Amino acid sequence: MKSIKKLLLLLILFGLIAATVFYFRDTASPLVTLTPGTGTISHKTPLFLELNDQGMGLKQVQVTILQEGNRLLLANQTFPAQTKNARLELNLSSLKLKQGGLQIEIIAGDQAVYHLGKGNLSQQLFPFTYDTRPPIISVLSKAHNLTKGGSGLVTYRLNEDVEKTGVQIGNLFFPGFQQESEIYACLFAYPFDMKDADFVPRVVAHDLAGNERQAGIYYHTNNKKFRQRKINLSNNFLQQKAPEFESLVPEAGEPLEIFLYVNGEMRRQNRAKMVELAKQTTSTPLWQGSFTRLPRSSELGLFADYRSYYYEGKKIDESVHFGFDLASVAQAEIPAGNDGEVLWADYLGIYGLCIVIDHGLGLQTLYAHMSQFDVQVGDMVVRGQTLGRTGATGLAGGDHLHFGVFVSGVAVQPLEWWDKSWLKNNIDSKLTVNH
Ligand SMILES: [Zn+2]
């Protein structure tokens, strides 16, 4: 009997030791993560606090804002037992805070018995700049005359650093770029297919804390009518083009089906590529003076021609022509429209072998249906430099150059950029004015 009692006592002792070890084993304080953890914030910036305690679990958290010696309690929360993780959204809008520096202090405790039962404490300070004032936009350029399908430039000053700025027109955004003079320059377009009433350009600026301001600009618009063209698709043309595209069409069928895929889906993909390339622009203007065009050439197609395609007397498709078709002799040398950097020199769907040159501020030129390249991606070219030769690759019926001008991915009227006085009055003079 004695030995059984001994065994029982031993068991109780073991139990007590085990309980003590269990109770005191958690010596790690909770993990605290605040996102963002630093930077410029406003009363609207969402701040996410994540707490994690894999030991005894979370007990409480206290969030305090420290600013100029003041302590403002933002949150004080206790957690039910066994809470291992917690996620809180902090909102500063309920507090009266001053513009400038502040710190967010976070004290989190767990269920462990240390520190007279307060648990293992984790105390951290996160530094921020508090800014609730939207940027001030001062528009500097005066008259903005835009013709439907054409381009314009606005210059302005901002009083603080920004995350995003440019011209917003409906859903279209044209980025603005800060120049060496600290002035911002933004090229924008009056899209050829936009209704006059919808064309309301606004300069917008979002600062680092997410505060946003818009500013109107003075502008005048001129309407422009574009041509309607009827294009008859011959069997000869369809048969001639089908082999080039066959491997690029998912379900290749008859030559006419291939044409419809290329003229529809592939055209959309190629347009999307131009929007993507627009993002690789340089922040300063690289062009000097007006643009040059293919010499001794005749105009086969104009910008924004509305094309209806007919096959065996029936209308089967339509599209808009985003450039100029210029025909010269076969395999004519193609001059670079202006100074810039070669962004693309490769095959691209309807454009065939083509080159895209970046001229800065979102301005880019496209040279399509080429037969030969004399430059490669990354090359800096000068106005008039030979880029390669014309051809009939891509969706082209014969040897010609398709020349396109884009402003931040939006196709614009090339005529303006070829026109010395238009360029001087509407773009270059605005960039060089001493403000
Ligand atoms: Zn064309």
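Which residue in E30 does Leu326 stand opposite? Leu326 faces Leu401. The model is predicted, so local features are taken only at pLDDT of at least 70 and side-chain atom pairs only at pLDDT 80 or more, while totals for chains, interfaces and linings use all residues. Residues are numbered from 1 along each chain as its sequence is written.

Strands here are DSSP runs labelled E, with at least two residues, numbered from the N terminus. Two strands count as paired if DSSP finds at least two bridges between them. Strand E23 (residues 324-327) is antiparallel to E30 and joined to it by 3 bridges. Strand E27 (residues 363-373) also runs antiparallel to E30, through 6 bridges, and Leu363 has Val407 as its bridge partner there. A further 3 bridges connect E30 to strand E31 (residues 410-412), again antiparallel, with Val405 opposite Val412. The hairpin of E30 and E31 has 2 residues between the strands, and Ser408 in this hairpin takes a positive phi near 45°.

In a regular strand, side chains alternate between the two faces of the sheet. In E30 (residues 401-407), 7 of 7 residues are buried, meaning that 20 or more other C-beta atoms, placed from the backbone, lie within 10 Å of a residue's own. Leu401, Phe403, Val405 and Val407 are on one side, and His402, Gly404 and Phe406 on the other.

Elsewhere, 5 strands form an open sheet with mixed pairing, in the order E2-E8-E7-E4-E5. Strands E2 (39-41) and E5 (70-78) stand at the edges with a single partner strand each, so one side of each lacks a neighbour in the sheet. E2 runs parallel to strand E8 (residues 121-130), with 3 bridges, and Thr40 is the bridge partner of Thr129.

Note on methods
Buried ≥ 20, exposed ≤ 12 C-beta atoms within 10 Å, placed from the backbone. Helix = DSSP H or I, 4+ residues; strand = E, 2+ residues; numbered from the N terminus.
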